[in-house]
Amino acid sequence: MSLTIYNSLTRQKEAFKPLVAGKVGMYVCGMTVYDYCHLGHARVMLAFDVIARYLRHRGYEVNYIRNITDIDDKIIQRANENGEAFDALTERFIAEMNTDAERLGILPPNAEPRATAHMGDIITMIEALIERDFAYAADNGDVYYSVRKFEGYGQLSGKILDELEAGSRVDVDEQKRDPLDFVLWKSAKADEPHWDSPWGIGRPGWHIECSAMSTCCLGNNFDIHGGGPDLKFPHHENEIAQSEAATGERYANTWMHAGAVRVDGEKMSKSLGNFFTIREILDKYPAEVVRFLLLASHYRSPINYSEDSLKDAQQKLERFYNALAQCADAPAANLDNHFSKQFYAAMDDDFNTAEAIAVLFELVRELNKAEGAEQQALAGQLRYLGNILGCLQDDPQAFLQGDDVDAAWVEDMIQKRADAKANKDFATADQVRDELANAGIVLRDSPEGTTWSKGNL
């Protein structure tokens, strides 16, 4: 089965055919770095982490670019509120972003271009748009894009220009020729960070940053452009208009958008008090539990975050690790059987991690029934396929026992119970088991001895 990807531009699944055989150029809109990353950021980073992992696993040479927006209105405002330089603020939150991503097992992209390092490319693209009559410089030093000059505007989002115009407005200090036009270059206000340009000192608009960075890193036409659900309009729509007008070439062949994150069924929002940063969540739950929760739904599907959903993810991971604990030393194994065929079929169908995980559960059921060499081989296959998703690589006992339990106390209690059973003092043995159970510790007896794990969250 060939790999198919749902293209947001055409609104259908398409057989994936890269521009250059065996190679993939992928650009994903990254973070605007003025605060800690939240759960929505985690969803996008993780979705494209798995996509890049799987493409590489399938043998593609992937050039994965995820940009950093390190200059914009929110950054300037936050820096002013903090009384610090804007670049000190962005450096701090870039480091925090990388820490969050590493904890979630998200591999770094091949490159992370920053807007401030591409001012020359941004200015060159704006000059090309003016020369081609798709943009104009206003008297105040701003430069605007002429939306109506681009015939294909609205193709990604399905927006209609006349309907957009009905809901648009123009601020008093703007010098647009049309309410729909958007800014490419902003003239600098007093005490703002700024750069020299043919139109005076200023800084770029947000949309032109990504157009310049993506084409600089991947060329005028590349394979995949991705991002969060809120970027389809206006950001990605504007990227298409700018890039194709400036270069005269098709911009990205395939557009991919991750689904939204909802919290207890509602949109995540600071105003609703249900806004969670990645680090807040990881302070309460193991990183692989959060990763598994986000992978358990198809990347395009909305995902609901709640305490119950995390508990469910924890329980499911425990089933995997309990199975692996039976064969803790089994090496990863790439078996050619119906499990691998079903797993790859799921991933080849628009990276359907939900279906791929369902296959892993079938594999676990078979593993639990098997014995000897067959069980070892299936455990190795579970490790192998799990690694493609960036999961199931921990030591089983370490995962099951957690890092917030006094392991020495538990081991002492297990020995106390064993001594009581040896002395036929079954009342004391039962009392010890109950005491451990009250502490959230689950015991498992086998001919090889007693093992333990931390109970569900």
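**Close-up views of a predicted model**

**View 1. Asp430 within helix α16.** Asp430 is found in helix α16, which covers residues 426-438, in a model that is predicted. With a relative accessible area of 47%, Asp430 is partly exposed, since this value falls between the 20% limit for buried and the 50% limit for exposed residues. Along the sequence, Asp430 and Asp445 are 15 residues apart, and in space their C-alpha atoms are 13 Å apart.

**View 2. Asp181 and the residues around it.** Asp181 lies in a loop, with α5 (161-166) on one side of that loop and β7 (182-187) on the other. Although Asp181 is buried, it has no salt bridge, and the nearest side chain of opposite charge, that of Arg177, is 6.5 Å away, whereas a salt bridge would need a side-chain nitrogen of Lys or Arg within 4 Å of a carboxyl oxygen. When residues up to four places away in sequence are not counted, Asp181 touches Tyr136, Tyr144, Tyr145, Ser146, Val147 and Lys176.

**View 3. The packing of helix α11 with helix α13.** Helix α11 (residues 338-348) packs with helix α13 (residues 372-388) at an angle of about 10°, and the axes of the two helices are 11 Å apart. Angles under 35 degrees count as roughly parallel, and α11 and α13 are therefore roughly parallel to each other. From α11, the residues Phe339, Ser340, Phe343 and Tyr344 meet Leu378, Gln381, Tyr384, Leu385 and Ile388 of α13. Sorted by class, this contact of α11 with α13 has 7 nonpolar and 2 polar residues, and no charged ones.

Key:
Residues are numbered from 1 along each chain as its sequence is written. This is a predicted model: local features need pLDDT of at least 70, side-chain atom pairs count only at pLDDT 80 or more; totals for chains, interfaces and linings use all residues. Side-chain values use heavy atoms; hydrogens and water are left out. Helices (H or I, at least four residues) and strands (E, at least two) are DSSP runs, numbered from the N terminus. Buried means under 20% relative accessible area, exposed over 50%, partly exposed in between (1.4 Å probe, protein chains only). Lys and Arg count as positive and Asp and Glu as negative; His and the chain ends are not counted. Contact means heavy atoms within 4.5 Å. Axes are lines fitted to C-alpha atoms, for helices over the stretch in contact, and angles run from 0 to 180 degrees between N-to-C directions. Angles under 35 degrees count as roughly parallel, over 145 as roughly antiparallel, 65 to 115 as roughly perpendicular and the rest as oblique. Ala, Val, Leu, Ile, Met, Phe, Trp, Tyr, Cys and Pro count as nonpolar, Asp, Glu, Lys and Arg as charged, and the others, Gly among them, as polar.
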